[in-house]
Amino acid sequence: MTAYADYKPLTFHDATRRFTDGSDSPRAYLERCLEAIAAREPVVKALTAINETRARAAADASTQRWKAGKALSPIDGMPVAIKDLLETKDMPTEMGCVAMKGNFPKRDNAGVWALRQAGAVILAKTVTAELGGSHPGPTTNPFDARRTPGGSSSGSAAAVGANMVPVAIGTQVGGSIIRPAAYCGNFALKPTQGGINRGERLATSMSTHGPHAGCLEDMWQTAIEQAKRCGGDRGSLGLIGPDTLPAAIKPNRLIVLETEGWPDVDAATREAFAKLLGQLTAAGVTLIRRTDHPFVETLEKAIANGRAVCGGITSWENRWYQRGMLDAAPDGLSERAKATLLKAEAMTLDDYRSGLLARQQAQVAHAAVAQFADAAITLACPGPAPIWSGDEPGKPLAPRPTGDFVFNAPSSMLFAPVVTVPLMSVGGLPVGVQLMGQQHEDARVTGLARWFSENLKRVHG
């Protein structure tokens with residue numbers, strides 16, 4: 001296990017210079033990733049499947065393209081792991097669910113197809129919480145095996161945090177990209193809703209796909225290479241931005257959002273966040289809080305029930321296919337998933353419509369603040385990853401075994417782009433900060449995140 005204070009992330013963009021001069025190669029890079037997997041996977045348990053044979057063949061082909069000066073893209077040869085909710089033609093897609101054991105459609109998700117078209121090496125599938133929900137898989141936090149890596153993109157975040165791969169693809173409905181990234185020390189992009197084509201994963205109206213990475217360069221390059229090839233969801237503009245990492249943008253004014261999670265933040269995390277905000281103030285950035293402008297207060301109130309809104313909408317939208325799954329395999333879902341399904345089936349259509357209305361009103365409130373701030377900043381999680389040792393027999397199921405998505409629900413319901421930046425540690429563990437922009441401002445938010453990374457010092461709490 002690597003202490004977070006000593007952690008140096010695995011990166012890919014800088015290796016391509018060595019591919020060009022022949023001092024390194026995609027095949028050699030892949031072999032180093034396989035060595036890291038062999039060393040870390042027995043404890044981290046981030047992967048559900050790995051295809052070494054096909055990955056080596058893809059890396060060899062990439063090596064020849066770089067030698068010939070014909071790389072397909074800047075991510076040609078990049079080893080990438082894929083969350084096991086997304087279909088892959090060469091590995092099973094079992095969704096962390098007993099009922100899906102042995103599921104092997106032998107086709108690629110749109111985003112996975114795009115990665116292959118760009119020359120990326122699809123190396124492995126990563127553990128997801130059951131069906132992308134809250135029932136955890138076996139993955140542990142790469143910086144403390146007693147703790148959760150977050151969910152539902154647990155394996156994707158942990159694989160990057162453990163330096164097994166430079167990039168892994170996650171998905172988010174409530175907080176499943178941003179929170180695990182925050183717990184595992186990753187950069188991550190949760191794009192504007194529909195920014196990257198979800199392919200077969202269109203069942204829920206708030207699901208998005210996005211990359212976890214060890215650096216902003218790899219994060220952005222992966223996302224934009226996908227979007228250039230497969231676009232966004234049907235009817236969506238898709239991810240908009242430059243072909244390479246956006247230039248750093250110094251913010252003039254930032255909204256500091258509390259969200260409904262603020263009362264649950266521990267003292268050490270509050271103190272660390274205050275120190276980070278102090279750096280921004282010292283750099284001349286104006287910080288705007290809910291007491292400073294009525295529009296910010298309106299936004300805070302509009303997202304104050306974000307957890308319930310996201311949970312209700314998603315549960316209603318998922319209940320049809322999950323009921324069919326449970327009817328076909330009565331023992332195929334966890335007790336936690338069954339409880340969620342029963343709660344969803346107790347909802348009425350008006351309950352769902354009320355959630356949609358609350359989401360729409362929150363989006364209007366968010367659009368209103370665009371006129372006087374560059375973006376919003378808030379924590380990406382209430383504190384360090386919590387310790388998780390499993391449900392205790394005879395006791396109620398833990399409500400949030402993969403951590404609380406309270407700070408992530410707002411961006412999901414707002415359809416807003418978010419970048420997680422690993423700028424804090426508390427108790428020696430990662431705690432992420434998130435920057436949230438207006439819809440389709442993914443590149444701008446990434447530019448702001450770049451300025452943060454280049455100009456602010458990591459805060460230790």
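Predicted model: local features only at pLDDT ≥ 70, side-chain atom pairs only at ≥ 80, totals over all residues.
Helix 10 and helix 11 cross in a left-handed sense. Two packed helices are described by the angle between their axes and the distance between the axes.

**Helix 10 against helix 11**

- Helix 10 and helix 11 (residues 335–345) pack at about 120 degrees, and their axes lie 9 Å apart.
- Helix 10 is therefore oblique to helix 11, since the class of roughly perpendicular angles runs from 65 to 115 degrees and that of roughly antiparallel angles begins over 145.
- On the side of helix 10, the contact involves Ser315, Trp316, Arg319, Gln322, Arg323 and Leu326.
- These residues meet Lys338, Thr340, Leu341, Leu342, Ala344 and Glu345 of helix 11.
- The contact of helix 10 with helix 11 comprises 5 nonpolar, 3 polar and 4 charged residues.

**Helix 10 against helix 12**

- Helix 10 (residues 306–328) also packs with helix 12 (residues 349–368), at an angle of about 130 degrees and with the axes 9 Å apart.
- The crossing of helix 10 with helix 12 is left-handed.
- Helix 10 contributes Val309, Ile313, Trp316 and Glu317 to this contact, and Trp316 is also listed in the contact with helix 11.
- Helix 12 contributes Leu349, Tyr352, Gly355, Leu356, Ala358 and Arg359.
- By class, the contact of helix 10 with helix 12 has 7 nonpolar residues, 1 polar residue and 2 charged residues.

**Cavities**

- Rolling a probe the size of a water molecule over the atoms shows where empty space is left.
- The model has 2 cavities of 30 Å³ or more.
- The largest cavity holds about 50 Å³ of space.
- Its lining consists of Leu257, Ala376, Ile377, Thr378, Phe407, Pro410, Ser411, Gln434 and Met436.
- Strand 9 (375–379), helix 13 (409–414) and strand 11 (429–436) are the elements that each give two or more residues to the lining of the largest cavity.
- Strand 9 gives the most to that lining, with 3 residues.
- The lining of the largest cavity is made up of 6 nonpolar and 3 polar residues, with no charged residues.
- The second largest cavity has a volume of about 40 Å³.
- Pro136, Gly137, Thr139, Thr148, Pro149, Gly150, Ser154 and Thr402 form the lining of the second largest cavity.
- In the lining of the second largest cavity, 2 residues are nonpolar, 6 are polar and none is charged.

**Second largest pocket**

- The second largest pocket has a volume of about 300 Å³.
- Its lining has 18 residues, of which Glu94, Gly96, Cys97, Val98 and Thr128 are the closest to its centre.
- The lining of the second largest pocket divides into 7 nonpolar, 7 polar and 4 charged residues.

- Most residues other than glycine have a negative phi, and most peptide bonds are trans.
- Leucine 131 has a phi near 55 degrees, a positive value in a residue other than glycine.
- Leucine 131 is located in the loop between strand 3 and helix 5.
- The peptide bond from glycine 151 to serine 152 is cis, with omega near 0 degrees.
- Serine 152 is likewise placed in the loop between strand 3 (121–126) and helix 5 (154–161).

Definitions and conventions
Residues numbered from 1 in each chain as written. Heavy atoms only, no water. 1 Å grid on protein atoms, 1.4 Å probe; cavity = no way out; pocket = protein on both sides within 12 Å on 5 of 7 lines; lining within 4 Å. Points joined across faces, edges and corners; volume = space filled by probe spheres on them. Nonpolar A, V, L, I, M, F, W, Y, C, P; charged D, E, K, R; others polar. Axes fitted to C-alpha atoms, helices over the stretch in contact; angles between N-to-C directions. Helix = DSSP H or I, 4+ residues; strand = E, 2+ residues; numbered from the N terminus. Left-handed = near helix turned anticlockwise from the far one by under 90°. Contact = heavy atoms within 4.5 Å. Parallel < 35°, antiparallel > 145°, perpendicular 65-115°, else oblique.
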